[in-house]
Amino acid sequence: MKAAVVRAFGQPLVLEDRPDPQPGPGQIRVRVEACGLCHTDIHAALGDWPAQPLPPFVPGHEGVGIVEECGAGVTHLTSGRRVAVPWLGWACGRCEHCLGGWESLCPRQVNTGYGCDGAYAEKMLAHADFALPVPDGLSAVEAAPLVCAGVTAYKALKVAGVRPAHLVAVCGIGGLGHLAVQYAKIAGARVAAIDVVDDKLELASELGADLVIDARTQDVAHVLRGQGGAHCALALAADDTAFEALHAGLRRGGTLVMVALPAHGSLRVPVFDTVLKGISVTGSIVGTRQDLAEVLGLHAAGRTRVVFETRPLTSVNESLHDVRTGQVKARVVFDLGAAR
Ligand code: NAD
Ligand code: ZN
Ligand code: ZN
């Protein structure tokens with residue numbers, strides 16, 4: 001089987017032929033049909049973060065494919081079932097976070113395409129308990145972006161506690177942002193969409209954003225404050241200079257949710273304003289299996305639109321470059337079904 005492999009940080013990925021992986025107890029082998037290109041894969045391939053993956057590794061955590069073989073002890077999935085394989089590849093199920101409904105905070109978790117090989121490959125292994133059945137009627141290429149971008153955006157809005165009367169600022173209308181705009185609208189909120197690329201701002205309007213802010217030419221905080229300030233702001237652009245403007249654009253009692261993970265990112269928070277205005281600053285990391293089931297269910301019910309373009313896995317290096325430079329409308333999805 002073919003896999004796109006990071007052999008060294010900052011170097012082009014290498015397409016390799018590898019033997020089919022064999023599922024161990026509790027695992028399944030998935031014939032990958034599609035995998036979305038999350039910006040996290042770019043950070044992974046560059047070794048951007050303090051906790052680094054160990055090359056060689058196969059990125060990809062928006063995997064969708066067909067169960068091909070089940071390892072010992074797997075009883076709830078059978079060959080032929082279409083499943084999603086997300087970032088949360090495994091969690092312990094026993095710690096206070098797992099038991100408290102926050103498995104995405106499990107300190108022992110294993111992350112797909114980071115701590116174990118991911119879905120930039122024709123075949124992959126997954127832990128059966130963490131592979132989610134994809135509802136009927138969804139194609140693999142359409143479902144893939146929901147598996148990380150969708151669930152992460154959806155969870156960030158839950159963390160923010162968004163409500164119908166709220167103004168929600170969504171900064172970065174890429175894979176995560178184009179879905180965040182839609183979830184915020186489903187929650188009944190007004191949405192201010194922020195980006196630095198014309199096509200992305202147009203897309204945000206098409207998807208129902210009430211207000212678009214071009215961060216190249218407009219003062220984001222000023223525009224938001226002109227609307228009374230945002231009740232919550234989602235920082236989804238991998239550029240930490242944008243976080244401060246969002247903080248400054250919040251209304252009293254507002255919440256900044258940090259989601260994007262720029263290399264060496266940091267945020268200077270003004271203590272006085274944060275205290276006097278009762279502002280919250282929080283982080284949000286992907287979502288649980290239940291969050292993902294809700295996201296897939298919303299899409300199956302026709303409530304969301306996934307904007308994507310399909311490409312072959314052989315375009316992996318060009319695709320990483322195009323996403324990094326903002327030349328892709330929302331999501332690139334590698335179509336591995338088409339490649340065979
Ligand atoms: P993306 O490349 O698809 O989208 C990023 C968007 O931000 C683009 O539309 C780009 O034009 C825009 N942008 C860039 N600079 C900007 C600026 N200064 N102001 C406004 N917009 C700007 O990326 P993505 O896949 O949506 O991921 C976004 C970030 O979120 C990445 O850092 C990724 O690693 C991170 N991420 C975090 C989680 C999590 O669980 N916390 C999950 C997935 C992705
Ligand atoms: Zn991701
Ligand atoms: Zn745990």
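**View 1. The loop that holds H264.** In this predicted model, H264 sits in the loop linking β14 (250–258) with α8 (271–276). Have a look at its backbone: although H264 is not a glycine, its phi is positive, at about 55°. For comparison, most residues other than glycine have a negative phi.

**View 2. A cis bond between two prolines.** Here the peptide bond joining P55 and P56 is cis, with omega at about 0°. To find the spot, follow the chain into the loop between α1 and β4 (63–70), where P56 has its place. As background, most peptide bonds are trans.

**View 3. Ligand 1 in its pocket.** The space that ligand 1 takes up is the largest pocket. Around ligand 1 there are 30 residues, and the closest are H39, T40, D195, V286 and R331.

**View 4. Polar contacts of ligand 1.** At V286, a polar backbone atom lies 2.6 Å from an oxygen atom of ligand 1. At H43, an N or O atom of the side chain is 2.8 Å from a ligand 1 oxygen. At L176, a backbone N or O atom is found 3.0 Å from an oxygen of ligand 1. Of the 870 Å² of accessible area that ligand 1 has on its own, the protein covers 92%.

**View 5. Helices and domains around ligand 1.** Three helices, α1 (39–46), α3 (140–160) and α4 (175–186), each bring at least two residues to the shell around ligand 1. The most come from α1, which gives 3 residues. Stepping back to the domains, why does ligand 1 lie between domain 1 and domain 2? Ligand 1 lies between them because domain 1 (2–148 + 287–339) and domain 2 (150–283) both give residues to its shell.

Conventions. Residues numbered from 1 in each chain as written. Chains lettered and ligands numbered in written order. Predicted model: local features only at pLDDT ≥ 70, side-chain atom pairs only at ≥ 80, totals over all residues. Heavy atoms only, no water. Near = heavy atom within 4 Å. Polar contact = N/O pair within 3.5 Å; in protein donor to acceptor, adjacent residues only side chain to side chain. Areas by Shrake-Rupley, 256 points an atom, 1.4 Å probe, with all protein chains shown as cover. 1 Å grid on protein atoms, 1.4 Å probe; cavity = no way out; pocket = protein on both sides within 12 Å on 5 of 7 lines; lining within 4 Å. Sits in = over half its atoms within 2 Å of the grid points. Helix = DSSP H or I, 4+ residues; strand = E, 2+ residues; numbered from the N terminus. Domains from an automatic or database assignment.
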